[in-house]
Structure formats: structure tokens, C-alpha cells
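Trainee: I have a new structure to learn today. Can you walk me through it?

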Amino acid sequence: MFEVLTTEQMYEADRRTIEAGTSGDVLMENAGASVVAEIVSRWTTRAATVLCGPGNNGGDGFVIARLLRNAGWSVRLGLLGDVEKLTGDAALNAGRWEGAVERLSPALLVGADLVVDCLFGAGLARPIEGDLASLVQAVNDSGVPVVAVDVPSGVDGNSGEVRGISVKANVTVTFCRPKPGHYLLPGRILCGQVIVRDIGIADQTIRDIRPMLVCNEPGVWRAGINWPGVDGHKYHRGHLLVIGGATMTGAGRLVARAARRAGAGLLTVVAEPASLSVYAADSPGIMTAPIATLDDLLKDCRHNALVIGPGFGVGDETCSRIITLLHYCRCTVLDADALTSFAEQPSTLFFAIQGPTVLTPHEGEFARLFPDIEGDKLSRARAAAKRSGATVLIKGADTVVAAPDGRAAINTIDAPWLATAGSGDVLAGIIGGLMAQGMEMFDAACMGAWLHARAGGDIGPGLIAEDIPHHLPVLLGQLWRGVPK
Ligand SMILES: NC(=O)C1=CN([C@@H]2O[C@H](COP(=O)(O)OP(=O)(O)OC[C@H]3O[C@@H](n4cnc5c(N)ncnc54)[C@H](OP(=O)(O)O)[C@@H]3O)[C@@H](O)[C@H]2O)[C@@H](O)CC1
Ligand SMILES: [K+]
């Protein structure tokens, strides 16, 4: 149940379900009933205004209006366009509605205790403009709670982008599976709480469609975790090299702490000799080595993973160092300065990537490395992964991970507390630590992003980056014991 479907895939699931014998009428009735179930579980009987559009999203609205009225609510319904022009299941349900069908106008909001937004769902085809835009603005200004059906009208289900203007909902009830727009910004904020309800589309139908996008939840990558066996040896858990900066040692130290907490068996910080004592003093469990020995270290295949970038410094020297490192095809995480250093020559980097590599840019670093890739975060991450041959993780409130083969995952956990210095270094360290233990790069990036976000959510206000590694044993312990699912 982790799949995320594009609007086109949702239409396809709908079509296959109807073809297999469940009528569109039944699906619409189930959709409307599921919204009403969510409404009555939150609000006592009161006055609702249902705003209906000219398609099936509006059709859902007619079902909702009828069922709410049957439940004793006082309901007003407004429709965009003429009722005679409705077709299919929407027309059928308009015929079942015994109340008045009013013209859409802000007057419909007067006296309403709840607004149900059924203007546009998956079929939003262009920006909302003119009188309709004024109505949406009036809804948002009214202070009345809003339940959006499928998506808040104006939010593009595939990208989360706003077309013209969007309803701002308190709760969004969608059907069968969520869409990218429920989790990508700004859609994520405009949806309020997202509820996904079953309306009778079989899980097998969804599997047959083979969606390549998932919510980043443990079920996606749990099977890829390499827990140590009873006879586990530290050398079975990998030996990670953290390439530390000469002066900005804090970043490398955070990477090292996080990677060890994530389970790397051994860890060596490789840096300029003058800074090694700083790294060594941070933690008695790490080893250190002068950077001049890096090539020799990499000739020993037990050094199977490396993280470079945080605090390392930007420049040509960083570029040539990274090109040499990539030649060894170790599991590699490139972050921060490692990405910015290639701003002038990104293709040199992409050409050198041969082994399992994860890039972890924030939006600024992404724009430097992929200046011509535009669009929503998901499309950009996918295009960047395809071009670079690396797994690309774009950080932010809606962190997206994309693999070169087209798989992608979106984070669904809200953790604004992670917006603090050093937090990204910790993420790079966690991913490096997981890859050192043999986890596949896409799984490692997803699991790293999940652990990071969960830690952020659990720790909450007051979080500093150092707290995140400290919290990992709690989360890893839960995963090891089989929770959360
Ligand atoms: N999938 C499922 O499993 C199920 C889906 N169900 C529901 O169906 C919904 C999808 O229905 P849908 O395809 O009819 O599209 P919908 O969102 O109603 O909009 C299309 C209409 O809006 C119009 N229009 C578009 N943009 C506009 C604009 N800016 N300004 C003005 N007009 C605009 C557009 O006009 P046109 O472009 O044709 O001129 C067309 O008339 C889905 O979201 C879910 O709620 C459930 O009932 C059952 C199971
Ligand atoms: K809607």
C-alpha cells in the first residue's frame, strides 16, 4: 500500500476496475460515502456547502450532498455550469439529489460551517481564473473548515503545483492511492491532512499498473536491511572512509557519528595530518589516516564505502580528488562541496560515476549541478538520476529519492526541525553507513531519508544535528523488532 499513482495511472485503475465488473456508479458512491465517513467522524451535524465542478469530482459532490443530508445535515450545493450538461455518473448522481442546485457564488458560503470542495480533481486541465478564482479566494478567506475531495481544487495531482489558485483544505480525502501532488510542495501544505480511502479497486489492479513511485515507508526498503547475524563480525558490516575537511571538521565529524550509529562496522576519517587529532578526539571509536594514504586505502577492497563533500572545500582540487575516488567504484555518497565543486563541469562528474553513488543535493546544489533541469521536484530528481547514473536525493520538506532506473520515493513525514546546520551532513553519514553494510543505493537513500525525518519528528523543537545520530538506536531498534510496518 505504499504506491503513489499519477492521475493517468489512477484513470487506468478506474478503467480496469470498471472493465472487471465494478460500475463507475459504485466507485463514485463509494468515493462519496468515504468522504462522508471522514466528515462525520470529525464534525457533528451542521450546515455544509458542497461546491461542485462539471466533471466526476463534482459527481462525488452530489453523492456527498445526498449522504450528508440523509445524515441530518443542512446542505447547500453549488454547481459550475448547467446541470443538464453533466454526463455519465455525475449526471446520474445529480438526478438523485433532491435539493436545489444553485449557481456558484460566494453567497453560498454565508452560514456554512463546512465547505466540501468538489470543483476539480484529477481532471484539472488549466489554471483556475476569473470568477472561479474569486470564489476560491473567498473560500480560503472565509475561515470555514474545508474538506477537499481527491485534491484541493487548483492543485495539480501529478506535480503538487498550483494552477492559478488553489483551495486550502484542512483535510483532503483521496481514493485508492495517493498522488504525487499530495506530498510534493506546495500541494502537501494545501491538502492539510491527507486521508486515503479504499473505494473497491483491487490491490492487484494497482500492482498490474506497476507504479514506479512510492511513499518512503519502511515496507519499501525493510527487506534490504542487512542486520548482523548472530556470528556477525565487524568486517561484515563494512569499512567506511569519511573524507574530512582540513579546517571545517564539524561536518566530517557529524558524518562519522551518523554513519557509525547507522551501523558501519569500521570507520576511518581520512584528512590532512594537522586535523586528524581533532577527528580522533571527537570519538574514540573511529580511526584516522592521512589523506596522502587515500589511494593505498582504496586498494584494500575492505574499504568498501566512502562519503566526501561535507566541509571538504570547493574547488578544482576537490574535483580531481573525487574523479580519482570514483575510479575505485566504491559505494559513494557525494554531498555539499563535492557537488558544488562540479558546478562548472557537471558532465565530468557524471562521466566518472560508475559504481553505486548517491548524490544528496539541497535545492541550491541541485540547481548548480543540473541548471537546465526544471519542473517539479519529482520530475527533476528522476531526470537528474537518469543523467548522472547516480541515485539522486533532493533534500527539503518533501525529500524525493530517484534511482537511474526510474524508481522514486517521496518522504511523507513532516519534520521542520531538521532545518538546522549540520542536519544534511548527518543524512549523508547515515546513507554512507547503510551502504557500507551492503544496502543497495536506492534503498539506502530512502532508509536514510526516513530515519532522518523520523528522528527530526521524534526529537522536535530544540533539535540540533548532533541529536539525530544519538536517536538512531531507538529507531533502528524499532525497525529490528519489526515496527513500524
Ligand atoms: N479515479 C477514480 O478511481 C475515481 C474518481 N472519481 C472522481 O473523479 C474525478 C476525476 O473526474 P474527471 O476526470 O471528470 O475530472 P474533474 O476533476 O472532475 O474535472 C474535469 C472537468 O473540469 C473542467 N475543468 C478542468 N479544469 C478547469 C478549470 N481550470 N476551469 C474550469 N473548468 C475546468 C473540465 O472541463 P474541460 O477541460 O473538459 O473543458 C471538466 O469538465 C476524481 O478527481 C475523483 O474525484 C470518483 O468519482 C470515483 C473513482
Ligand atoms: K477537489
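Trainee: What do we have, and where does Ala-258 sit?
Mentor: This is a predicted model. Ala-258 belongs to helix 9, residues 249-261.

Trainee: Is Ala-258 buried or exposed?
Mentor: Buried, because 32 other C-beta atoms lie within 10 Å, and the cut-off for buried is 20 or more.

Trainee: Which residues does Ala-258 touch, leaving out those up to four places away in sequence?
Mentor: Val-426, Gly-429, Ile-430, Gly-433, Ile-468 and Pro-469.

Trainee: Let's zoom out. How many helices and strands are in the protein?
Mentor: The protein has 19 helices and 17 strands.

Trainee: What about the radius of gyration?
Mentor: The protein has 26 Å. A compact globule of 485 residues would be near 23 Å, so the two agree. The C-alpha trace spans about 80 × 50 × 45 Å along the principal axes.

Trainee: What share of the residues is buried?
Mentor: Buried residues are 51% of the 485. As for contacts with a separation of 6 or more, 73% join residues 24 or more positions apart.

Trainee: Which domain does UniProt give for residues 217-479?
Mentor: The unreviewed UniProt entry has "domain: YjeF C-terminal" there. That stretch is 46% helix and 14% strand. Its end C-alpha atoms are 11 Å apart.

Trainee: New topic: ligand 1. Which residues come nearest?
Mentor: Gly-55, Asn-56, Asn-57, Gly-121 and Gly-123, out of 27 residues around ligand 1. Helix 1 (7-19), helix 2 (24-42) and helix 3 (56-70) are the elements giving two or more residues to that shell.

Trainee: Which helix gives the most?
Mentor: Helix 3, with five residues.

Trainee: How many nonpolar, polar and charged residues are in the shell?
Mentor: The shell around ligand 1 has 15 nonpolar, eight polar and four charged residues.

Trainee: On to the annotated binding site. Which residues does it cover?
Mentor: UniProt's unreviewed entry puts "binding site" on Lys-395, Gly-396, Ala-397, Asp-398, Thr-399 and Gly-424. They span 30 residues in sequence, yet no two of their C-alpha atoms are more than 14.2 Å apart, so they gather at one spot.

Trainee: Where is Asp-398?
Mentor: Asp-398 is in the loop between strand 15 and strand 16. Asp-398 counts as buried, because it has 22 C-beta neighbours inside 10 Å. Beyond four places in sequence, its contacts include Tyr-183, Arg-188 and Lys-377.

Trainee: And Thr-399, where is that?
Mentor: Thr-399 also lies in the loop between strand 15 and strand 16. With 29 C-beta neighbours inside 10 Å, Thr-399 counts as buried. Leaving out neighbours within four places in sequence, Thr-399 contacts Leu-393, Ile-394, Asn-411 and Ala-449.

Trainee: You listed Lys-377 as a contact of Asp-398. Which residues of helix 16 are buried?
Mentor: Lys-377, Leu-378, Arg-380, Ala-381, Arg-382, Ala-384, Ala-385 and Ser-388. The elements covering them include helix 14 (346-352), helix 15 (363-369) and strand 15 (391-394).

Trainee: How far does helix 16 reach?
Mentor: Its 12 residues, 377-388, reach 16 Å from first C-alpha to last, close to the 16 Å expected.

Trainee: Which residues other than glycine have a positive phi?
Mentor: Cys-176 is one of them, at about 75°. Cys-176 lies in the loop between strand 6 and helix 6. Ala-336 is another, with phi near 50°. Ala-336 is in the loop between strand 13 (331-334) and helix 13 (337-340). Ala-336 is buried, with 25 other C-beta atoms within 10 Å.

Trainee: Last one. Is the peptide bond from Leu-185 to Pro-186 cis or trans?
Mentor: Cis, with omega near 0°. Pro-186 is in the loop between strand 6 (171-175) and helix 6 (187-191).

Methods: Residues are numbered from 1 along each chain as its sequence is written. Chains are lettered from A and ligands numbered from 1 in the order in which they are written. This is a predicted model: local features need pLDDT of at least 70, side-chain atom pairs count only at pLDDT 80 or more; totals for chains, interfaces and linings use all residues. Helices (H or I, at least four residues) and strands (E, at least two) are DSSP runs, numbered from the N terminus. The radius of gyration is taken over C-alpha atoms; the globule rule is 2.2 Å times the number of residues to the power 0.38. A residue is buried if 20 or more other C-beta atoms lie within 10 Å of its own, exposed if 12 or fewer, and partly exposed in between; C-beta atoms are placed from the backbone. Two residues are in contact if their C-beta atoms, placed from the backbone, lie within 7 Å. UniProt positions are given in the numbering used here, feature names are shortened, and annotations may be inferred rather than shown by experiment. A residue is near a molecule or strand if its C-beta atom, placed from the backbone, lies within 6 Å of it. Ala, Val, Leu, Ile, Met, Phe, Trp, Tyr, Cys and Pro count as nonpolar, Asp, Glu, Lys and Arg as charged, and the others, Gly among them, as polar. The expected span of a helix is 1.5 Å times one less than its number of residues.
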